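Hi there,

Here is the structure I promised to pass on. Have a look, and my notes on it follow below.

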Amino acid sequence: MTSDVATDQPTRKHPPEGDAESPGSTGAARPEPRGWAWSLARFGYRDRPPTSLRERLVPSYTDNSAYTGGGWLPCVLVTLLAGFIRFWNLGRPRAVIFDETYYAKDGWSLLELGYEGTWPKEANEQILAGQHDILQTQGSYIVHPPIGKWTIALGEQLFGLTPFGWRFALAVLGTLSVLMLCRIGRRLFRSTLLGCVAGLLMSLDGLHFVMSRTSLLDLVLMFWILAAFGCLLIDRDDTRAIAARLFESGPDAARAASMKFGLRPWRIMAGICLGLACGTKWSGIYVLAAFGVMTVLWDAGTRRACGARRPYRATLRHDVLFAFLSTVLVALMIYIWSWTGWLMTDDGYFRDWADHRAGLSPGSLDLKLFSVPLPQFGMTWVPAPLRSLWHYHSEMWNFHTGLDSPHPYQSNPWSWLVLGRPVAYYFETVHQGTAGCTEQDCYQTVLGIGTPLLWWTGVIAVGYLLFRWAGRRDWRAGAILCGLAAAYLPWMAYQQRTIFLFYAVAFVPFLCLAVTMMLGALLGPPGAGERRRAWGTAGVVAIIALIAWNFLYFYPIFTGETISRSGWLDRMWFSTWI
């Protein structure tokens with residue numbers, strides 16, 4: 001485990017021997033009391049040996065990538081497993097489940113009109129019957145930006161307005177996100193094995209699995225958040241590799257304080273991904289802010305490792321502006337671009353709101369940030385379409401902040417990590433003799449819930465990472481916690497709002513990374529003894545096997561398979577799951 005702060009002093013691996021020549025010595029070595037380092041050595045602990053500046057900036061990978069194609073081969077195998085189980089019977093259940101009633105139809109509407117149109121009340125039944133010419137051109141009021149719905153539309157463009165069609169793109173993103181997590185974990189932990197463990201854990205998570213097979217927006221949000229995190233990791237490695245070449249002769253305080261990195265392509269890519277995340281759901285804004293701060297702190301860590309005496313001051317002078325332009329400004333441009341379909345039409349909801357208004361009258365907007373009213377502006381210089389878009393956003397904001405309609409499956413974010421209240425996307429009763437039912441009553445259900453053993457292990461892992469970050473200054477733990485906190489903690493501010501467990505899919509990759517980092521520690525540090533490594537490996541294999549069994553056990557209620565009533569009750573471990 002390494003941190004950005006390194007010491008030039010050699011580390012002592014063994015307690016020093018006594019001074020045989022000191023006054024009063026009997027000539028024999030005087031033993032020193034055995035301390036913590038000596039005791040921990042019995043369990044495989046070894047002090048970190050002194051390393052070069054280059055190794056601290058760009059750590060080596062722990063495996064021999066020549067035999068795995070740069071780590072790609074095992075990552076692809078894990079991805080194929082994830083893709084197989086996500087695409088298998090993707091069209092089942094053949095129904096419009098949960099909020100697919102909004103987003104599947106909105107995606108088709110974007111293809112046909114460029115904006116969200118209106119559908120008749122009986123549209124779901126007519127669509128399943130193959131009748132698709134029922135879309136009306138009148139604009140429909142929507143409360144989420146269009147990127148996620150355009151993503152759904154790509155699958156519908158290929159396979160039509162069918163359950164398989166509107167779920168196809170989500171299954172693709174769910175599969176690709178497993179590949180991304182394998183590569184991100186490999187880069188983060190410098191181990192192909194641990195990278196594949198992270199990807200395998202996410203492929204076996206029930207919530208990620210169900211969301212990959214359901215036409216909702218939150219998996220699209222998760223995908224772009226994870227992609228942005230990966231881009232920032234590559235940017236960090238590239239920047240530190242440049243620094244390693246500049247400081248081959250050793251740290252230099254003056255040079256470390258004055259070097260400039262400028263605009264960096266991978267950080268711009270991260271800004272694009274974050275813009276697409278915000279263009280899917282507004283909760284991506286919190287991640288944008290958190291990742292922006294994180295990448296600046298990483299720059300400060302690079303400068304500190306290179307010898308800068310005031311790394312934060314130097315980062316503020318040379319890096320913050322470029323970080324803002326690469327992330328916030330780029331994300332804003334992508335977000336506005338995502339509304340092109342609405343801007344290019346005349347019939348979208350609120351599209352002509354500003355056509356006969358000279359500006360924004362006082363009180364026409366009721367935008368608030370943390371209960372503080374935002375100032376009103378005349379904005380007469382802003383084109384009418386953008387003023388209409390601004391007004392539309394004010395109405396969307398009021399909807400989101402004021403949503404408090406009770407729902408039987410709503411849950412408090414405090415309960416998410418322990419899976420207090422899952423969401424039943426689909427539930428049908430099947431009678432004996434139909435659909436493979438051999439009892440009096442059977443059920444077909446799709447339950448949006450994480451794999452319990454994985455999530456409960458994740459709770460322990462988060463505690464371990466807090467120790468690693470706060471107590472050992474491990475930047476990897478801080479990075480994982482940053483992603484998890486940015487996608488999770490903002491929901492704590494909306495205790496009275498109607499919210500659901502499936503929002504948590506946005507931080508599932510970081511939960512899997514947290515578990516993986518803890519399992520890596522369980523495997524043992526580099527140089528651990530054979531016995532220590534054997535016990536650690538056995539523990540890791542046992543944990544992964546239990547998580548895999550838990551996923552398979554819940555598989556029938558993830559996919560809408562016919563299951564007996566007694567079998568369904570056996571899987572309802574808590575009354576709040578029913």
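The buried residues of helix 12 are covered by, among others, helix 6 (147–159), helix 10 (218–246), helix 13 (284–305) and helix 15 (320–338); contact here means heavy atoms within 4.5 Å. Buried stands for under 20% relative accessible area, exposed for over 50% and partly exposed for anything in between, with a 1.4 Å probe and protein chains only. Helices (H or I, at least four residues) and strands (E, at least two) are DSSP runs, numbered from the N terminus.

Please keep in mind that this is a predicted model, where local features need pLDDT of at least 70 and side-chain atom pairs count only at pLDDT 80 or more, while totals for chains, interfaces and linings use all residues. Residues are numbered from 1 along each chain as its sequence is written, and side-chain values use heavy atoms, leaving out hydrogens and water.

The buried set in helix 12 includes R267, A270, C273 and C278.

C273 also comes up in the cysteine search. Its sulfur is the closest cysteine sulfur to that of C231, but at 4.3 Å the two are too far apart for a bond. C231 is itself buried, with a relative accessible area of 7%, and C306 is buried too, at 0%.

So where is the disulfide (a pair of cysteine sulfur atoms within 2.5 Å)? The search of the whole structure finds one, and it joins C437 to C442, with 2.1 Å from S to S. The link of C437 and C442 is right-handed, with 80° about the S-S bond, and both cysteines are buried.

Best wishes

Conventions. A disulfide is a pair of cysteine sulfur atoms within 2.5 Å.
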